[in-house]
Amino acid sequence: MSYKDNLLKKIEIDRLVRTIAGAIGSVESGKRIDKTVLEQLMTFFPWSRRQERDLALFLESDGPGKTRILVLDNDLPIYHTRVEDVVLRKSPTVKEMVNIRNAIKILNDKDVVMSKKEASLKTIQEISIGELDLRFTAADIDGIARDGAASLENGYSQGVQESLMLFAELLRLAPAPKAFSLNHHDIYGHMGEKPDGEITFGPLVMYSMVHNTLTFLEAPLSSRDKGRFDTLKAVASGDAEAAASGPAVFDLMKSKVPAAAH
């Protein structure tokens, strides 16, 4: 598996985790995790899957002893116990429930639960990403830049978007918030917020699918600047000057990777 492929997997894991995190809430909230999205995330998770009764379980160690066990439900609980204990607590039969010792276990699982919800989701994310080899060489980064430049010159927007997304991950650039976003434009940059509520965005890089242009702006934009969208549109169309444009933007981002990696 190439470095590029592994980095794309990390980006996808992070995206799925953000989606699931947005659906986690209290019982009263009525929020439910999308099972389809959750199943997509679990394709990256290395623990062994096992079906017991109506429970989808993931086991860190597939043996008879105690181990960490994730239950794939809306609470995402991770237990440290045995499989039969989790099954008793999460999916008991009527016969099991009438036993007083079992009833106590069913009603209170604090003795074996390690985490739930957001904390468990973070564990899933960290373990899944930990399976990926994210070490890179200069040749790996040069390859991403070359692919992006070639895609730009050939008008292949998906290729440009992919390379730009990879560099945004490497350089820790955030997608443009609503206050700086344009339809049919991919924009990434550094976001800041001042004590008085003003939001700044930049330096930033922008790919316009409308014009098939790639530009880099050095000076940050302000949420209080009513002309900020006009500035972005003018730069994208070539009517205003940018710090860098075209394939040179990929070379510029490539040059910034070593510093961002430390």
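This is a predicted model: local features need pLDDT of at least 70, side-chain atom pairs count only at pLDDT 80 or more; totals for chains, interfaces and linings use all residues.
Me: Why is Asp-73 called partly exposed?
Reply: Asp-73 has 23% relative accessibility. Buried means under 20% relative accessible area, exposed over 50%, and partly exposed in between (1.4 Å probe, protein chains only). Residues are numbered from 1 along each chain as its sequence is written, and side-chain values use heavy atoms, with hydrogens and water left out.

Me: What makes the meeting of Asp-73 and Lys-90 a salt bridge?
Reply: The N to O distance between their side chains is 2.8 Å. A salt bridge needs a side-chain nitrogen of Lys or Arg within 4 Å of a carboxyl oxygen of Asp or Glu. The 2.8 Å pair meets that limit, so the term applies.

Me: Why is this pair said to link distant parts of the chain?
Reply: Asp-73 sits in the loop between β3 and β4 (78–81), and Lys-90 in helix α3 (residues 83–90), 17 residues apart. Helices (H or I, at least four residues) and strands (E, at least two) are DSSP runs, numbered from the N terminus.

Me: How do you know that Asp-142 and Arg-146 form a salt bridge?
Reply: Their closest N and O atoms are 2.5 Å apart. Both residues lie in helix α7 (residues 138–154), four residues apart, about one turn of the helix. Salt bridges with shared partners join Asp-142 and Arg-146 with Asp-251 and Lys-254 in one network.

Me: Why does Arg-146 count as exposed?
Reply: Arg-146 reaches 51% relative accessibility and therefore passes the limit for exposed. Asp-142, at 25%, counts as partly exposed.

Me: What makes β1 and β5 edge strands?
Reply: The open sheet has five strands in the order β1-β2-β3-β4-β5, with antiparallel pairing. β1 and β5 (113–115) each pair on one side only.

Me: How do you know that β3 and β4 pair?
Reply: They share four bridges in the antiparallel sense. Two strands pair if DSSP finds at least two bridges between them, so four is enough. Ile-69 has Tyr-79 in β4 as its bridge partner.

Me: What does helix α6 touch on the sheet?
Reply: Helix α6 (residues 117–130) touches β3, β4 and β5. Contact means heavy atoms within 4.5 Å.

Definitions and conventions: Axes are lines fitted to C-alpha atoms, for helices over the stretch in contact, and angles run from 0 to 180 degrees between N-to-C directions.
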